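Here's a quick briefing to read with the model open beside you. Take it one topic at a time and find each residue as you go.

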Amino acid sequence: MARRPPLARSTALWGLSAICLLVTALGTFSVLNPDFHLLDDYISKLGALGQPYAAGWILVGFMGVGALVTAFGFSYGRYLGDGVVGTLLALFGIGLAATAVPVDLNDDASGLSKIHVVAICIGLGAYMFSLARLAHRATYGRSVHRAANMSAGLLGLVLVGSALQLWSIPIAHRLVFLVVFGWMGYTSLQLLRESPSEPGPATP
């Protein structure tokens, strides 16, 4: 049974690249759009109809990051030898890329706005299902189980806090991004380490 460190490294690079691109794009386009407030507005506003530099954000912040997350998902599934996890995580990335459909800030009920919201729901739902599988498959190492359970628990707290109005929905939006991409960052760093005490998947 042979280990696959090259695949681990490439998976990690996809994940870390997605995080770096998201942070860089968010910082850049937040500065370029004087009407965008980082703590008060939905991130979707950066790509909304009529917003300055919306096309740039859509191309980089949604489609670019979504493509990298999709690549991470497929690669992580191959690393684990689990096509279901790979497909679910890739679907999360595709959902993120599909949020490139711009919202209409003046009409939440418009077709474009509805498609945007559906893409978010599909992507986040796929991510949650992937966590459930990662948390309960006995063949994975402790670090995989721990990270999946931690991410699911934190997402639950974010949603409960939002329901109790402990913070605004835009803040909850930021927290969801932090939890999801935090899991991706942690997982990527674990893959780079390839700790011998946490046996990774192997090829026959």
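His145 touches Leu134, Ala135, Arg137, Ala138 and Tyr140, leaving aside residues up to four places away in sequence; touching, or contact, means heavy atoms within 4.5 Å. Keep in mind that this is a predicted model, where local features need pLDDT of at least 70, side-chain atom pairs count only at pLDDT 80 or more, and totals for chains, interfaces and linings use all residues. Residues are numbered from 1 along each chain as its sequence is written, and side-chain values use heavy atoms, with hydrogens and water left out.

**His145 and helix 5**

- You'll find His145 in helix 5; helices here are DSSP runs (H or I, at least four residues), numbered from the N terminus.
- Is His145 buried or exposed? With a relative accessibility of 18%, His145 counts as buried, because buried means under 20% relative accessible area, while exposed means over 50% and partly exposed is in between (1.4 Å probe, protein chains only).
- Other buried residues of helix 5 include Val144, Ala148, Leu155 and Val158.
- The buried residues of helix 5 pack against helix 2, helix 4 and helix 6.
- The end C-alpha atoms of helix 5 are 32 Å apart, which agrees with the 32 Å that its 22 residues should span at 1.5 Å a residue; the expected span is 1.5 Å times one less than the number of residues.

**Helix 1**

- Helix 1 covers residues 5-32, which makes 28 residues.
- From first C-alpha to last, helix 1 reaches 40 Å, close to the 40 Å expected.
- Among the buried residues of helix 1 are Leu7, Thr11, Gly15, Ala18, Leu22, Ala25 and Phe29.
- Here's a handy rule for reading lists like that one: an α-helix has 3.6 residues a turn, so residues three or four places apart point the same way.
- What do the buried residues of helix 1 pack against? They pack against helix 2 and helix 6 (169-193).

**Salt bridges**

- How many salt bridges does the structure hold? There are 3 salt bridges, each one a side-chain nitrogen of Lys or Arg within 4 Å of a carboxyl oxygen of Asp or Glu.
- One of them joins the side chains of Asp41 and Lys45, at 3.3 Å from N to O.
- Both Asp41 and Lys45 are buried.
- Arg133 pairs up with Asp82, and their closest N and O atoms are 2.7 Å apart.
- Arg133 lies in helix 4 and Asp82 in the loop between helix 2 (54-80) and helix 3 (83-98), so this pair ties together parts that are 51 residues apart in sequence.
- Asp82 is buried, with a relative accessible area of 3%, whereas Arg133 is partly exposed at 28%.
- Arg137 also meets Asp82 in a salt bridge, at 3.2 Å from N to O.
- Arg137 sits in the loop between helix 4 and helix 5 (142-163), so its link to Asp82 ties together parts that are 55 residues apart in sequence.
- Arg137 is partly exposed, with a relative accessible area of 29%.
- Through shared partners, salt bridges join Asp82, Arg133 and Arg137 into one network.

- His116 is part of helix 4 (residues 111-136).
- At 3% relative accessibility, His116 counts as buried.
- Leaving aside residues up to four places away in sequence, His116 touches Ser44, Phe62, Thr99, Val101 and Val103.
- The largest pocket has a volume of about 830 Å³.
- Its lining is made of 32 residues, and Tyr42, Ser44, His116, Ile120 and His173 lie nearest the centre.
- Helix 4 gives the largest share of that lining, 8 residues.

**Positive phi angles**

- Most residues other than glycine have a negative phi.
- Tyr53 has a positive phi of about 60 degrees although it is not a glycine, and Tyr53 is in the loop between helix 1 and helix 2.
- Gln165 has a positive phi too, near 60 degrees.
- Where is Gln165? Gln165 is in the loop between helix 5 and helix 6.
- Gln165 is exposed, with a relative accessible area of 70%.

How values were computed. Helices (H or I, at least four residues) and strands (E, at least two) are DSSP runs, numbered from the N terminus. On a 1 Å grid over the protein atoms alone, a cavity is a set of points where a 1.4 Å probe fits but cannot get out, and a pocket is an open set with protein on both sides within 12 Å along at least five of seven lines; lining residues have an atom within 4 Å of a point. Grid points are joined across faces, edges and corners, and a volume is the space filled by probe spheres set on the points.
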